Amino acid sequence: MIAGTKMATDCWINETLYRAWGQCFLVRRELARARSAFQDIVIFESETHGRVMLLDGVVQITEADEFVYQEMIAHVPLLAHGAARNVLIIGAGDGGVLRRVLQHRNVERAVMVEIDGEVIRLAKKFLPEIGGDAWRDPRAEVLVADGIDYVAQAPDASFDTIIVDSTDPIGVGEVLFTDAFYADCARILTGRGVIVNQCGVPFMQADELRGTSRRRGAAFPHVTAYVAAVPTYVGGFMTLGFAAKEPGLDEIPAAQLRARAEAAGVLGRTRYWTPEMHAGAFNLPPYIAEHLPKQPAG
């Protein structure tokens, strides 16, 4: 796909994430095409997946399966923590993570920092169901700003959970995968703090999981990952990196997660997340687990 080239109705659009492998969508109609200060943005109506957003030629979200990724990147850290009141979201300009975070009645404040205001504008206009009423929730603070700068300047221990929903570590998303960024995240998290970030599809992007896990391990004593099966993130399981200041937050039993989800008001409102899926998602197949840092014994 070439920026500035108008897509005709009923044409095919190819994702450009990998040089030698990909997927394509039959386009019913193009809804938006823009070049922001940071990236190419395209939104179109597909034949099979509803509306789809691409950034720099890479699928970010589809209406058909967005619930898988959004539920797992939001509900898992909040319910693992168990009492998160202040949540920081980096990226996630479509609003889907913000909406899931605000489903938790115990959340008092959700700060979302997205560097590209054009993504927010177009998502509100063409993907209104993704963010829903979250944009107007009084607990939400939506900033068009640099997440790196925000984290560097935020006060110590000001958030309970950080969710990093970024593009892959290339282009605009590259700076969100550095040692300095994770060190600042650790500083601004409370003592029971948890951070999650997307780490790609390890069947194709093992270096991403390996590298980000090593960097998180320099700032957090407990580093692991969990998986979600998102159909449009081709290549098998998507991994979500999980790092915590306190041990055991990746080992919460399903019964306890169920009680927490009920208290938070999210039980029965999900299409992918369940207490059992949450608990099981940390049981990684060896081809994924081998890319994580070895945890100290005991």
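Guide: What follows is an account of the strands and their partners. Please bear in mind that the model is predicted.

Let us begin with the open sheet. Five strands form this sheet, in the order β1-β2-β3-β4-β5, and their pairing is antiparallel. Strands β1 (residues 11-14) and β5 (residues 58-62) stand at the edges; each has a single partner strand, so one side of each is left without a neighbour in the sheet. On average, neighbouring strands of this sheet are turned by 40° against each other, with direction ignored.

Strand β1 pairs with strand β2, which covers residues 24-35, over four bridges in the antiparallel sense. Within this pairing, Cys-11 stands opposite Val-27 in β2.

We may now turn to strand β10, which comprises residues 189-198. Eight of its ten residues are buried, so that the strand is mostly covered; a residue counts as buried when its relative accessible area is under 20%.

Strand β10 is joined to strand β9 (residues 159-165) by five bridges, and these two strands run parallel. Here Ile-163 has Val-196 in β10 as its bridge partner. Five bridges also join β10 to strand β12 (residues 238-244), but in this case the strands run antiparallel. The bridge partner of Asn-197 in β12 is Gly-241.

Methods: Residues are numbered from 1 along each chain as its sequence is written. This is a predicted model: local features need pLDDT of at least 70, side-chain atom pairs count only at pLDDT 80 or more; totals for chains, interfaces and linings use all residues. Side-chain values use heavy atoms; hydrogens and water are left out. Two strands pair if DSSP finds at least two bridges between them. Axes are lines fitted to C-alpha atoms, for helices over the stretch in contact, and angles run from 0 to 180 degrees between N-to-C directions. Buried means under 20% relative accessible area, exposed over 50%, partly exposed in between (1.4 Å probe, protein chains only).
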